[in-house]
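My entries follow in the order in which I looked things up.

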Amino acid sequence: MSGGPVAPDGLRPSDLLVTFFVLGKFSNQFVFPPHPSSVLWLPSGLTLAFLLRTEPRGWPVLLAALFLTELVSVLIHDFPIPIWASLLWGLANCLRTLLGAWLIRRFVGTDVRVSRPWD
């Protein structure tokens with residue numbers, strides 16, 4: 001199969017990239033000046049659910065896709081921060097998602113189903 005690891009429901013890293021950008025654009029409607037922080041940031045929940053629906057052996061590819069997407073997202077939105085801060089921002093968001101997925105799998109178990117809206 002091309003396109004990298006596939007989650008049980010057929011999702012691929014390219015699906016993560018596209019959906020991340022769409023949700024990021026929507027979430028940017030909730031950014032209030034003077035800080036470029038959003039009150040509601042939907043891509044973080046998406047990436048956590050994406051990792052939970054994928055086997056851990058597929059996580060490195062998804063995390064690399066997430067890192068690149070985060071980096072490009074920060075650069076496209078032209079936030080007034082240096083490139084090294086953009087790199088750290090992307091790395092921190094990847095680590096946050098990885099830690100969240102690991103903790104959920106550790107304490108809830110490996111059979112995590114994200115199939116209902118409230119999940």
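I sorted the residues of the H1 and H3 contact by class and noted 11 nonpolar, two polar and one charged. Here Ala, Val, Leu, Ile, Met, Phe, Trp, Tyr, Cys and Pro count as nonpolar, Asp, Glu, Lys and Arg as charged, and the others, Gly among them, as polar.

I noted that the model is predicted, that local features need pLDDT of at least 70 and side-chain atom pairs pLDDT 80 or more, and that totals for chains, interfaces and linings use all residues. Residues are numbered from 1 along each chain as its sequence is written, and side-chain values use heavy atoms, without hydrogens and water.

I then took the geometry of H1 and H3: the axes are 10 Å apart and the packing angle is about 25°. Axes are lines fitted to C-alpha atoms, for helices over the stretch in contact, and angles run from 0 to 180 degrees between N-to-C directions. H1 and H3 are therefore roughly parallel (under 35 degrees).

Next I examined helix H2 (residues 42–52) and helix H3 (residues 59–76), whose axes come within 10 Å and cross at roughly 165°. That makes H2 roughly antiparallel (over 145 degrees) to H3. Their contact involves Thr 47, Phe 50 and Leu 51 of H2 with Trp 59, Leu 62, Leu 63 and Leu 66 of H3. By class, this H2 and H3 contact holds six nonpolar, one polar and no charged residues.

I looked up the largest nonpolar core and counted 12 residues, among them Leu 16, Phe 50, Trp 59, Leu 66 and Cys 94. Such a core is a set of buried Ala, Val, Leu, Ile, Met, Phe, Trp, Tyr and Cys residues joined through side-chain atoms within 4.5 Å. Helices H1 (13–27), H2, H3 and H4 (83–108) each supply at least two residues of this core.

Last, I checked Trp 102, which lies in helix H4. Trp 102 is partly exposed, at a relative accessible area of 46% (buried is under 20%, exposed over 50%, partly exposed in between, with a 1.4 Å probe and protein chains only).

Methods: Helices (H or I, at least four residues) and strands (E, at least two) are DSSP runs, numbered from the N terminus. Angles under 35 degrees count as roughly parallel, over 145 as roughly antiparallel, 65 to 115 as roughly perpendicular and the rest as oblique. Contact means heavy atoms within 4.5 Å.
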